[in-house]
Amino acid sequence: MAWHTVFPLLPPVLLAMCWPRPSPPSLMMGERSHAGDFSYVGIDAILEQMRRKAMKQGFELNIMVVGQSGLGKSTLMNTLFKSKVSRKSAQPNPEEKIPQTIEIKSISHDIEEKGVRMKLAVIDTPGFGDQINNENCWQPIMKFINDQYEAYLQEEINIDRKKRIPDSRVHCCIYFIPPTGHCLRPLDVEFMRRLSKVVNIVPVIAKADTLTLEERDDFKQTIREELRANGIDVYPQKEFDEDAEDRLINDKIREMIPFAVVGSDQEYQVNGKKILGRKTKWGTIEVENIAHCEFAYLRDLLIRTHMQNIKDITGSIHYEMYRVRRLNESNAGPGLAPGQAPTLVSAHTNGQTKVNGGPPNGMAAQCEVLTHEM
């Protein structure tokens with residue numbers, strides 16, 4: 001696999017470190033660079049230390065996809081990582097029926113490319129928005145996200161806690177908007193309004209090739225206006241811009257949201273090159289061609305430029321708000337204690353979820369681990 005597919009998995013601060021460079025200074029004992037340069041301290045070697053440690057530890061990314069059936073969620077995830085990482089790809093079931101309640105299905109993958117390891121978790125939500133009555137259908141998703149915060153919190157407050165706490169927190173939620181070309185549905189508005197307070201949300205217009213360019217631009221403008229009118233703050237949030245340079249970059253991203261995307265894991269020959277695309281009677285829609293859709297911008301945001309920032313905001317903002325609220329609750333009455341067993345974390349019994357040993361609540365949280373090497 002080409003080198004440029006490896007480096008997107010690294011946080012931006014490490015990207016420059018991994019760029020091939022001639023004759024790096026040796027850090028082996030007994031070998032000293034800049035010999036005779038008495039003004040040299042060696043502070044620049046810190047970058048090399050960070051790179052080596054990060055390469056040993058690997059990286060983690062947990063992405064949740066939410067949207068109605070048939071919007072191409074599984075295909076888009078396969079396209080993003082150029083591998084079969086979606087739920088349907090992992091477990092093909094032609095007789096699968098629409099679930100009666102929202103299910104949470106998480107599949108973990110160990111992806112490795114040229115020495116760079118990443119543990120990727122794709123969390124699917126089949127059944128969302130597929131029922132006649134979709135009232136409160138966001139509640140199981142909200143509960144799942146909070147459950148992951150609770151599990152992390154319980155590990156943190158243990159007396160004998162692990163050196164590296166497993167991170168199952170949802171770092172990003174990709175919300176799929178149907179390509180109606182009109183406006184957001186009440187379900188879309190209510191979901192994003194509630195979930196944007198607990199997780200980073202990136203809205204996308206699914207199957208954007210069903211819209212003309214004029215319809216797509218008008219639809220994107222309408223959605224941006226509705227997001228502002230309803231006080232929905234999607235990623236990247238303005239208040240978390242760190243400096244003027246970040247603000248300039250993020251403003252350009254905010255002008256493109258929601259991303260109009262097309263997903264495909266089928267390869268075709270176009271002008272002698274292999275491309276991912278969708279073949280139609282009138283030609284081939286190239287997924288990675290920015291003139292055809294905005295998939296490339298979405299991929300850059302999630303992996304190449306903002307992955308570490310998405311994780312940082314999850315830990316320092318969303319998780320921190322949950323942690324403060326839970327600890328305040330425990331101070332107000334009987335609650336958390338060091339070493340105490342999780343109080344909100346779900347237990348799994350026959351594919352159903354039990355809370356605090358109670359009866360199943362109808363939301364399945366099936367976690368399957370697959371290993372993929374690319």
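**Close-up views of a predicted model**

**View 1. Gln237 in its loop.** Gln237 lies in the loop between α7 and α8 (244-256). The model shown here is predicted. Leaving out residues up to four places away in sequence, Gln237 touches Asn200, Arg254, Ile313 and His318. Asn250 is 13 residues from Gln237 in sequence, and their C-alpha atoms are 8.4 Å apart.

View 2. Tyr235 is joined to Pro236 by a cis peptide bond, with omega near 0°. Pro236 sits in the loop between α7 and α8. That loop also holds Gln237. The peptide bond between Ile257 and Pro258 is cis, with omega about 0°. Pro258 belongs to the loop between α8 and β6 (259-260).

View 3. Lys207 is not a glycine, yet its phi is positive, about 50°. Lys207 is placed in the loop between β5 and α7. Its relative accessibility is 35%, so Lys207 counts as partly exposed. Asn271 is another non-glycine residue with positive phi, near 55°. The loop between β7 (267-270) and β8 holds Asn271. Asn271 counts as exposed because its relative accessibility is 77%.

**View 4. Gly277 in strand β8.** Gly277 is part of strand β8, which covers residues 273-280. With a relative accessibility of 0%, Gly277 counts as buried. Beyond its neighbours within four places in sequence, Gly277 has contacts with Ser264, Gln266, Tyr268, Thr284, Ile285, Glu286 and Val287. The C-alpha atoms of Gly277 and Glu288 are 8.0 Å apart, at a sequence separation of 11 residues.

**View 5. Helix α6 and its cover.** Helix α6 spans residues 186-195. Its buried residues are Leu187, Asp188, Val189, Phe191, Met192 and Leu195. Helices α5 (139-157) and α7 are among the elements that cover them. The cover also includes strands β1 (59-66), β4 (172-177) and β5 (201-205).

**View 6. A negative patch on the surface.** Glu214, Glu215, Asp217 and Asp218 gather in a surface patch of negative charge. One of these residues, Glu215, lies in helix α7, residues 213-229. The relative accessible area of Glu215 is 39%, so this residue is partly exposed.

**View 7. Salt bridge between Arg326 and Glu150.** Side chains of opposite charge can pair when their charged atoms come close. The side chains of Arg326 and Glu150 form a salt bridge, at 2.9 Å from N to O. This pair links distant parts of the chain, with Arg326 in helix α10 (residues 307-332) and Glu150 in helix α5, 176 residues apart. Arg326 and Glu150 are both buried. A network of salt bridges links Glu150, Arg325, Arg326 and Glu329.

**View 8. Salt bridge between Arg323 and Glu320.** The side chains of Arg323 and Glu320 meet in a salt bridge, with an N to O distance of 2.6 Å. Both residues lie in helix α10 and are 3 residues apart, about one turn of the helix. Arg323 has a relative accessible area of 23%, so it is partly exposed. Glu320 is also partly exposed, because its relative accessibility is 28%.

**View 9. Salt bridge between Arg51 and Glu48.** The side chains of Arg51 and Glu48 pair in a salt bridge at 3.1 Å, N to O. Arg51 and Glu48 are 3 residues apart in helix α2 (residues 45-57), so about one helical turn separates them. The whole structure has 17 salt bridges.

**View 10. The whole chain, for context.** The chain has 10 helices and 12 strands. It holds 374 residues, and 44% of them count as buried. Among contacts between residues at least 6 apart in sequence, 69% join residues at least 24 apart. The chain exposes about 20,200 Å², and carbon and sulfur atoms supply 53% of that area.

Key:
Residues are numbered from 1 along each chain as its sequence is written. This is a predicted model: local features need pLDDT of at least 70, side-chain atom pairs count only at pLDDT 80 or more; totals for chains, interfaces and linings use all residues. Side-chain values use heavy atoms; hydrogens and water are left out. Patches are made of residues with over 30% relative accessible area and no salt bridge: like charges are joined within 9 Å, nonpolar side chains (Val, Leu, Ile, Met, Phe, Trp, Tyr) within 5 Å. Accessible areas come from the Shrake-Rupley method with a 1.4 Å probe; for residues, only the protein chains shown count as cover. A salt bridge is a side-chain nitrogen of Lys or Arg within 4 Å of a carboxyl oxygen of Asp or Glu. Lys and Arg count as positive and Asp and Glu as negative; His and the chain ends are not counted. The place of a charge is taken as NZ of Lys, CZ of Arg, CG of Asp or CD of Glu. Helices (H or I, at least four residues) and strands (E, at least two) are DSSP runs, numbered from the N terminus. Buried means under 20% relative accessible area, exposed over 50%, partly exposed in between (1.4 Å probe, protein chains only). Contact means heavy atoms within 4.5 Å.
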